Amino acid sequence: MEETYLLNVEGVKKKILHGGQGELPKLQDGSKITFHFQTLKDDFERTVIDDSREAGIPMEIIVGKMFKLEIWETLLSSMRAGEVAEFWCDAIHTGMYALVSRGMRRIAEGRDPLEGQKHRCGMGNMFDYHSTGYDDLDELQRTPQPLIFIMELFRVEEPWAYKRDTWAMSKEEKLAAVPVLHREGNRLVLRKEFGQAAEKYQEAVICLRNLQAKEKPWEDGWLKLESLVTPLVLNYCQCQLELGEYYEVLEHTTELLQKHNDNAKAYFKRAKAHAAVWNEREAREDFLRVAHLDPSMAAAVKKELKQLGERMRKKHVEDRKRYQGLFQPPRGP
(Lines give C-alpha, C1' and ligand atoms only; values in the text may rest on other atoms or scores of the structure.)
Protein backbone atom coordinates (compact mmCIF):
# COMPACT_ATOMS: atom_id res chain seq x y z
CA MET A 1 0.00 0.00 0.00
CA GLU A 2 1.50 3.30 -1.09
CA GLU A 3 -0.82 6.29 -0.98
CA THR A 4 0.44 9.81 -0.55
CA TYR A 5 -1.41 12.18 1.72
CA LEU A 6 -0.93 15.83 2.51
CA LEU A 7 -1.40 16.22 6.26
CA ASN A 8 -3.00 19.40 7.53
CA VAL A 9 0.47 20.75 8.19
CA GLU A 10 2.46 22.89 5.79
CA GLY A 11 5.58 21.17 4.44
CA VAL A 12 4.63 17.57 5.30
CA LYS A 13 3.73 14.66 3.01
CA LYS A 14 2.85 11.16 4.13
CA LYS A 15 3.04 7.84 2.28
CA ILE A 16 1.62 4.70 3.92
CA LEU A 17 3.90 1.72 3.33
CA HIS A 18 1.97 -0.78 5.46
CA GLY A 19 -1.48 -0.25 6.88
CA GLY A 20 -2.13 -0.38 10.61
CA GLN A 21 -5.07 -1.55 12.71
CA GLY A 22 -7.71 0.07 14.88
CA GLU A 23 -8.56 3.72 15.31
CA LEU A 24 -6.20 6.65 15.24
CA PRO A 25 -4.71 7.13 18.74
CA LYS A 26 -6.02 9.92 20.92
CA LEU A 27 -2.86 11.51 22.24
CA GLN A 28 -2.90 13.50 25.47
CA ASP A 29 -0.25 14.89 27.79
CA GLY A 30 1.58 11.97 29.36
CA SER A 31 0.75 9.41 26.65
CA LYS A 32 3.75 7.23 25.80
CA ILE A 33 4.42 6.48 22.12
CA THR A 34 6.68 3.54 21.21
CA PHE A 35 7.98 3.29 17.65
CA HIS A 36 10.95 2.58 15.40
CA PHE A 37 12.23 5.26 13.05
CA GLN A 38 14.69 5.73 10.24
CA THR A 39 15.91 9.16 9.15
CA LEU A 40 17.08 9.70 5.57
CA LYS A 41 18.33 12.60 3.52
CA ASP A 42 16.14 13.74 0.66
CA ASP A 43 18.86 13.02 -1.90
CA PHE A 44 19.24 10.58 -4.80
CA GLU A 45 20.86 7.93 -2.59
CA ARG A 46 18.36 8.48 0.26
CA THR A 47 21.33 8.49 2.64
CA VAL A 48 20.49 7.00 6.04
CA ILE A 49 21.31 9.31 8.96
CA ASP A 50 19.84 7.38 11.89
CA ASP A 51 18.12 4.03 12.36
CA SER A 52 16.68 3.05 15.76
CA ARG A 53 16.73 -0.64 14.79
CA GLU A 54 20.52 -0.57 14.82
CA ALA A 55 20.42 0.21 18.55
CA GLY A 56 18.03 -2.70 19.03
CA ILE A 57 15.54 -0.75 21.12
CA PRO A 58 12.48 1.22 19.95
CA MET A 59 12.20 4.94 20.50
CA GLU A 60 9.86 6.24 23.21
CA ILE A 61 8.56 9.77 23.63
CA ILE A 62 6.10 11.20 26.16
CA VAL A 63 3.52 13.57 24.71
CA GLY A 64 3.70 17.09 26.09
CA LYS A 65 7.21 16.72 27.57
CA MET A 66 8.81 19.24 25.21
CA PHE A 67 10.53 16.80 22.87
CA LYS A 68 12.63 19.12 20.72
CA LEU A 69 11.34 17.76 17.40
CA GLU A 70 7.68 18.67 17.80
CA ILE A 71 6.73 17.52 14.31
CA TRP A 72 7.22 13.88 15.37
CA GLU A 73 4.17 14.04 17.63
CA THR A 74 2.16 15.31 14.67
CA LEU A 75 3.42 12.54 12.39
CA LEU A 76 2.78 9.78 14.92
CA SER A 77 -0.71 11.07 15.71
CA SER A 78 -1.65 10.29 12.08
CA MET A 79 -0.69 6.60 12.40
CA ARG A 80 -2.47 3.48 13.60
CA ALA A 81 -0.86 0.69 15.62
CA GLY A 82 1.24 -1.52 13.34
CA GLU A 83 1.37 1.07 10.58
CA VAL A 84 4.57 1.83 8.68
CA ALA A 85 4.66 5.22 7.00
CA GLU A 86 7.13 7.48 5.23
CA PHE A 87 7.01 11.21 5.89
CA TRP A 88 8.69 13.94 3.87
CA CYS A 89 9.25 17.03 6.03
CA ASP A 90 10.41 20.39 4.77
CA ALA A 91 13.34 22.18 6.42
CA ILE A 92 10.96 24.36 8.47
CA HIS A 93 10.29 21.25 10.58
CA THR A 94 13.76 19.68 10.67
CA GLY A 95 16.00 22.50 11.88
CA MET A 96 16.38 20.93 15.33
CA TYR A 97 17.07 17.41 14.11
CA ALA A 98 20.86 17.66 14.50
CA LEU A 99 20.55 18.38 18.23
CA VAL A 100 17.89 15.70 18.74
CA SER A 101 20.00 13.11 16.90
CA ARG A 102 23.09 14.12 18.88
CA GLY A 103 21.27 13.39 22.15
CA MET A 104 19.91 10.06 20.94
CA ARG A 105 23.32 8.95 19.71
CA ARG A 106 24.95 9.86 23.02
CA ILE A 107 22.36 7.85 24.93
CA ALA A 108 22.98 4.86 22.64
CA GLU A 109 26.72 5.22 23.37
CA GLY A 110 26.07 5.28 27.13
CA ARG A 111 26.99 8.96 27.44
CA ASP A 112 25.20 11.93 28.97
CA PRO A 113 23.01 13.49 26.24
CA LEU A 114 23.35 16.93 27.89
CA GLU A 115 27.12 16.78 28.30
CA GLY A 116 28.66 20.16 27.56
CA GLN A 117 25.38 22.01 27.06
CA LYS A 118 24.56 25.24 28.81
CA HIS A 119 21.19 25.84 30.45
CA ARG A 120 19.66 27.54 27.44
CA CYS A 121 16.97 26.80 24.93
CA GLY A 122 17.75 24.40 22.10
CA MET A 123 18.12 27.17 19.52
CA GLY A 124 20.56 28.99 21.79
CA ASN A 125 22.61 25.84 22.12
CA MET A 126 22.65 25.45 18.37
CA PHE A 127 24.37 28.79 17.94
CA ASP A 128 26.68 28.29 20.92
CA TYR A 129 28.18 25.04 19.70
CA HIS A 130 29.74 24.88 16.27
CA SER A 131 30.10 21.10 16.35
CA THR A 132 27.82 18.33 17.52
CA GLY A 133 30.72 15.88 17.52
CA TYR A 134 29.34 14.10 14.43
CA ASP A 135 30.30 15.24 10.93
CA ASP A 136 26.97 14.37 9.28
CA LEU A 137 25.01 16.21 11.96
CA ASP A 138 27.30 19.24 11.67
CA GLU A 139 26.36 19.40 8.00
CA LEU A 140 22.64 19.33 8.87
CA GLN A 141 23.16 22.01 11.48
CA ARG A 142 24.96 24.31 9.01
CA THR A 143 22.47 23.66 6.20
CA PRO A 144 18.96 22.73 7.38
CA GLN A 145 17.27 20.63 4.70
CA PRO A 146 14.20 18.46 4.11
CA LEU A 147 14.36 15.02 5.70
CA ILE A 148 12.50 11.76 5.28
CA PHE A 149 11.29 9.84 8.35
CA ILE A 150 10.17 6.23 8.03
CA MET A 151 8.22 5.28 11.17
CA GLU A 152 6.66 2.09 12.48
CA LEU A 153 4.18 2.69 15.30
CA PHE A 154 4.00 -0.07 17.92
CA ARG A 155 1.68 1.29 20.56
CA VAL A 156 0.32 4.35 22.34
CA GLU A 157 -0.19 3.96 26.10
CA GLU A 158 -2.37 6.22 28.20
CA PRO A 159 -0.65 8.04 31.11
CA TRP A 160 -2.18 5.70 33.72
CA ALA A 161 -1.46 2.51 31.77
CA TYR A 162 2.30 2.26 32.32
CA LYS A 163 4.88 2.83 35.04
CA ARG A 164 6.19 6.30 34.39
CA ASP A 165 9.81 7.24 34.85
CA THR A 166 10.42 10.05 37.32
CA TRP A 167 11.62 12.47 34.64
CA ALA A 168 8.33 12.07 32.76
CA MET A 169 6.16 13.13 35.71
CA SER A 170 4.83 16.62 36.28
CA LYS A 171 5.42 18.37 39.61
CA GLU A 172 1.91 17.47 40.77
CA GLU A 173 2.37 13.82 39.76
CA LYS A 174 5.65 13.55 41.64
CA LEU A 175 4.14 15.04 44.80
CA ALA A 176 1.19 12.65 44.53
CA ALA A 177 3.49 9.66 43.98
CA VAL A 178 5.64 10.26 47.10
CA PRO A 179 3.11 9.27 49.83
CA VAL A 180 2.02 6.28 47.75
CA LEU A 181 5.62 5.06 47.47
CA HIS A 182 6.16 5.75 51.19
CA ARG A 183 3.16 3.64 52.18
CA GLU A 184 4.18 0.86 49.82
CA GLY A 185 7.68 0.87 51.32
CA ASN A 186 6.25 0.61 54.83
CA ARG A 187 4.02 -2.30 53.77
CA LEU A 188 7.01 -4.16 52.33
CA VAL A 189 9.01 -3.57 55.53
CA LEU A 190 6.27 -5.23 57.57
CA ARG A 191 6.62 -8.22 55.26
CA LYS A 192 10.41 -8.07 55.76
CA GLU A 193 10.95 -7.52 52.03
CA PHE A 194 13.67 -4.96 52.71
CA GLY A 195 15.20 -4.87 49.23
CA GLN A 196 11.92 -3.99 47.55
CA ALA A 197 11.04 -1.53 50.31
CA ALA A 198 14.38 0.25 49.83
CA GLU A 199 13.58 0.66 46.12
CA LYS A 200 10.25 2.32 46.95
CA TYR A 201 11.85 4.74 49.41
CA GLN A 202 14.62 5.52 46.94
CA GLU A 203 12.14 6.24 44.14
CA ALA A 204 10.26 8.64 46.40
CA VAL A 205 13.50 10.42 47.32
CA ILE A 206 14.37 10.82 43.63
CA CYS A 207 10.98 12.45 42.97
CA LEU A 208 11.57 14.95 45.77
CA ARG A 209 15.18 15.65 44.82
CA ASN A 210 14.09 16.45 41.27
CA LEU A 211 11.61 18.96 42.64
CA GLN A 212 14.19 20.39 45.06
CA ALA A 213 16.57 21.07 42.18
CA LYS A 214 14.15 23.75 41.00
CA GLU A 215 14.02 25.48 44.41
CA LYS A 216 16.54 27.79 46.01
CA PRO A 217 18.39 25.90 48.80
CA TRP A 218 17.24 26.58 52.36
CA GLU A 219 14.27 28.69 51.32
CA ASP A 220 10.70 27.70 52.23
CA GLY A 221 9.94 25.52 49.21
CA TRP A 222 13.25 23.68 49.49
CA LEU A 223 12.87 23.16 53.26
CA LYS A 224 9.34 21.81 52.87
CA LEU A 225 10.57 19.19 50.41
CA GLU A 226 13.58 18.41 52.61
CA SER A 227 11.25 17.64 55.51
CA LEU A 228 9.71 14.94 53.29
CA VAL A 229 13.07 13.63 52.13
CA THR A 230 14.60 13.06 55.58
CA PRO A 231 12.26 10.30 56.90
CA LEU A 232 12.46 8.52 53.54
CA VAL A 233 16.26 8.48 53.65
CA LEU A 234 16.16 7.16 57.23
CA ASN A 235 13.75 4.40 56.22
CA TYR A 236 15.99 3.55 53.28
CA CYS A 237 19.00 3.34 55.61
CA GLN A 238 17.11 1.06 57.99
CA CYS A 239 16.43 -1.31 55.09
CA GLN A 240 20.11 -1.24 54.15
CA LEU A 241 21.05 -2.09 57.75
CA GLU A 242 18.74 -5.10 57.57
CA LEU A 243 20.36 -6.11 54.28
CA GLY A 244 23.89 -5.74 55.65
CA GLU A 245 24.78 -2.86 53.31
CA TYR A 246 26.64 -0.97 56.04
CA TYR A 247 28.81 1.26 53.87
CA GLU A 248 25.70 2.37 51.99
CA VAL A 249 24.24 3.42 55.35
CA LEU A 250 27.43 5.28 56.28
CA GLU A 251 27.32 7.21 53.01
CA HIS A 252 23.68 8.29 53.21
CA THR A 253 23.56 9.09 56.92
CA THR A 254 26.74 11.15 56.67
CA GLU A 255 25.28 13.09 53.76
CA LEU A 256 22.10 13.68 55.74
CA LEU A 257 23.99 14.83 58.84
CA GLN A 258 25.95 17.36 56.82
CA LYS A 259 22.64 19.20 56.37
CA HIS A 260 20.95 18.26 59.66
CA ASN A 261 23.60 17.74 62.33
CA ASP A 262 21.01 17.43 65.10
CA ASN A 263 19.18 14.40 63.73
CA ALA A 264 19.49 11.76 66.45
CA LYS A 265 17.99 8.98 64.32
CA ALA A 266 20.59 9.53 61.60
CA TYR A 267 23.39 9.35 64.20
CA PHE A 268 21.85 6.17 65.62
CA LYS A 269 21.74 4.39 62.27
CA ARG A 270 25.25 5.57 61.41
CA ALA A 271 26.50 4.32 64.78
CA LYS A 272 25.01 0.88 64.12
CA ALA A 273 26.70 0.80 60.71
CA HIS A 274 30.06 1.82 62.25
CA ALA A 275 29.68 -0.90 64.86
CA ALA A 276 28.92 -3.50 62.20
CA VAL A 277 32.17 -2.74 60.35
CA TRP A 278 34.26 -2.60 63.58
CA ASN A 279 34.70 1.18 63.68
CA GLU A 280 34.53 1.17 67.48
CA ARG A 281 35.60 4.74 68.17
CA GLU A 282 33.24 6.25 65.56
CA ALA A 283 30.36 4.07 66.76
CA ARG A 284 30.83 5.13 70.39
CA GLU A 285 31.00 8.82 69.42
CA ASP A 286 27.77 8.60 67.43
CA PHE A 287 25.93 6.62 70.12
CA LEU A 288 26.92 9.17 72.79
CA ARG A 289 25.79 12.00 70.52
CA VAL A 290 22.39 10.29 70.17
CA ALA A 291 21.96 10.15 73.95
CA HIS A 292 22.89 13.84 74.20
CA LEU A 293 20.49 14.94 71.43
CA ASP A 294 17.55 12.73 72.47
CA PRO A 295 17.53 11.56 76.13
CA SER A 296 14.51 9.34 75.35
CA MET A 297 16.88 7.13 73.35
CA ALA A 298 19.34 6.75 76.25
CA ALA A 299 18.15 3.23 77.11
CA ALA A 300 18.55 2.07 73.51
CA VAL A 301 22.02 3.67 73.38
CA LYS A 302 23.04 1.93 76.61
CA LYS A 303 21.97 -1.41 75.18
CA GLU A 304 23.86 -0.83 71.92
CA LEU A 305 27.04 0.25 73.76
CA LYS A 306 26.89 -2.88 75.89
CA GLN A 307 26.54 -5.07 72.81
CA LEU A 308 29.36 -3.16 71.10
CA GLY A 309 31.65 -3.72 74.08
CA GLU A 310 30.90 -7.45 74.16
CA ARG A 311 31.48 -7.80 70.42
CA MET A 312 34.76 -5.91 70.56
CA ARG A 313 36.03 -8.00 73.51
CA LYS A 314 35.12 -11.17 71.66
CA LYS A 315 36.90 -9.92 68.57
CA HIS A 316 40.06 -9.06 70.57
CA VAL A 317 40.13 -12.58 72.07
CA GLU A 318 39.72 -14.14 68.63
CA ASP A 319 42.43 -11.89 67.20
CA ARG A 320 44.86 -12.87 69.95
CA LYS A 321 44.22 -16.57 69.31
CA ARG A 322 44.57 -16.10 65.58
CA TYR A 323 47.92 -14.36 65.85
CA GLN A 324 49.23 -16.25 68.86
CA GLY A 325 52.68 -17.61 68.13
CA LEU A 326 52.84 -15.82 64.77
CA PHE A 327 55.84 -13.76 65.82
CA GLN A 328 57.46 -16.28 68.16
CA PRO A 329 60.75 -17.82 66.95
CA PRO A 330 60.46 -21.51 65.92
CA ARG A 331 61.54 -24.05 68.54
CA GLY A 332 64.78 -25.99 68.03
CA PRO A 333 64.83 -29.71 67.13
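How far apart are the end C-alpha atoms of helix α9, and what should its 24 residues span at 1.5 Å a residue?

1. The model is predicted: local features need pLDDT of at least 70, side-chain atom pairs count only at pLDDT 80 or more, and totals for chains, interfaces and linings use all residues. Residues are numbered from 1 along each chain as its sequence is written, and side-chain values use heavy atoms, with hydrogens and water left out.

2. Helix α9 covers residues 220–243; helices here are DSSP runs of H or I with at least four residues, numbered from the N terminus. Just after α9, G244 has a positive phi of about 80°.

3. G221 lies in helix α9. Its relative accessible area is 28%, so G221 is partly exposed (buried is under 20%, exposed over 50%, partly exposed in between, with a 1.4 Å probe and protein chains only).

4. H260 sits in the loop between α10 (246–259) and α11 (264–276). H260 is buried because its relative accessible area is 18%. Leaving aside residues up to four places away in sequence, H260 touches W218, E226 and T230 (contact means heavy atoms within 4.5 Å).

5. Helices α12 (residues 280–293) and α13 (residues 298–323) pack at about 170°, their axes 10 Å apart. Axes are lines fitted to C-alpha atoms over the stretch in contact, and angles run from 0 to 180 degrees between N-to-C directions. The pair is therefore roughly antiparallel (over 145 degrees). Residues in this contact include F287 and L288 of α12 and L305 and M312 of α13.

Definitions and conventions
Helix = DSSP H or I, 4+ residues; strand = E, 2+ residues; numbered from the N terminus. Parallel < 35°, antiparallel > 145°, perpendicular 65-115°, else oblique. Expected span 1.5 Å × (residues − 1).
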